[in-house]
Amino acid sequence: MKIKPEITYRHLEKTAAIQSLVEEKIAKLEQFCDYMNSCHVVIEKDNDHPSSGSPYRVSIDITIPHGRELAVVKSPDVGKQYLPLKTVIRDAFEAARRQLISITTEQKGERKIHPEQQVSAMVTKLFAEQGYGFIQEISTGKEIYFHRNSVTNNDFERLTVGSGVRYKETMGEMGPQATTVQLLDPGV
C-alpha cells in the first residue's frame, strides 16, 4: 500500500484486540488487491443503548489506481439483531473484499461488464419500519427518495445502507423519486 492505512476511532476506546483485527483484515484485503493506494477505516459508536440495531458503524474507504475508489459502510439498523463490534467489522471487510474482487476481476479483463448490471446508486438512508429510504446516484451524488413498493422482487427487507442498486427515476409529488429499484448482488 502506498499510504499507511489509517484507523480512526470515534466515541469508543481503541483496544489492542480491535486494532489487531482491523490490521489483519486490511492485510487480507491486500492479498486480493496488492496495489491499493490507501485504506481509511472509521470505527464509531453512535449510541450506547440503541432500541434496536447495533450502536456501531464501520466505514471503509479504499482507493486504487486509475481513480477508482470503493466505500463500505456497515451499521446494522432498526430490525437487526444487536451485533457485537467484531461482527460489524468482519461484515464491513467482507463487503469490501467482494467489491475489491469485482474491481480487480474487471480490471484484469476477466469479466465482461454489462451496463444494465452496473451499480448506479447506493442506499444511503433506510427507514425500514416506515417502508422508505433514500439512494444516492453514484455519478452525480444526487439523493433520491424511494418507497418499498418500488423495490423489485420483494427485496426491500434485503436492503441495507450501502447496498448497490440500479433504478429508474420519475417526478413525484415532492420531487424526483426512484421507481423500479433493483438490488444488485454483491458480486455484480
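A disulfide is a pair of cysteine sulfur atoms within 2.5 Å, and I began by looking for such pairs. The structure holds zero disulfides.

**Ground rules.** I am reading a predicted model, where local features need pLDDT of at least 70, side-chain atom pairs count only at pLDDT 80 or more, and totals for chains, interfaces and linings use all residues. Residues are numbered from 1 along each chain as its sequence is written, and side-chain values use heavy atoms, with hydrogens and water left out.

**Confidence.** I checked pLDDT, the predictor's confidence in each residue, from 0 to 100. The chain averages 83, and 83% of the residues score at least 70. Strand β1 (residues 6–10) has the highest confidence, at 94, and α2 the lowest, at a mean of 85. Helices (H or I, at least four residues) and strands (E, at least two) are DSSP runs, numbered from the N terminus.

**Cysteines.** Next I looked up burial (buried is under 20% relative accessible area, exposed over 50%, partly exposed in between; 1.4 Å probe, protein chains only). C33 counts as buried because its relative accessibility is 1%. C39 is buried too, at 2%.

**Cores.** I then turned to nonpolar cores (buried Ala, Val, Leu, Ile, Met, Phe, Trp, Tyr and Cys residues joined through side-chain atoms within 4.5 Å). The largest has 27 residues, and V41, I60, I62 and I89 have the most contacts inside it. At least two residues each come from α1 (16–32), β2 (38–45), β3 (56–64), β4 (68–74) and α2 (85–107). α2 gives the largest share, nine residues. A second, separate core has 14 residues, including L126 and V181.
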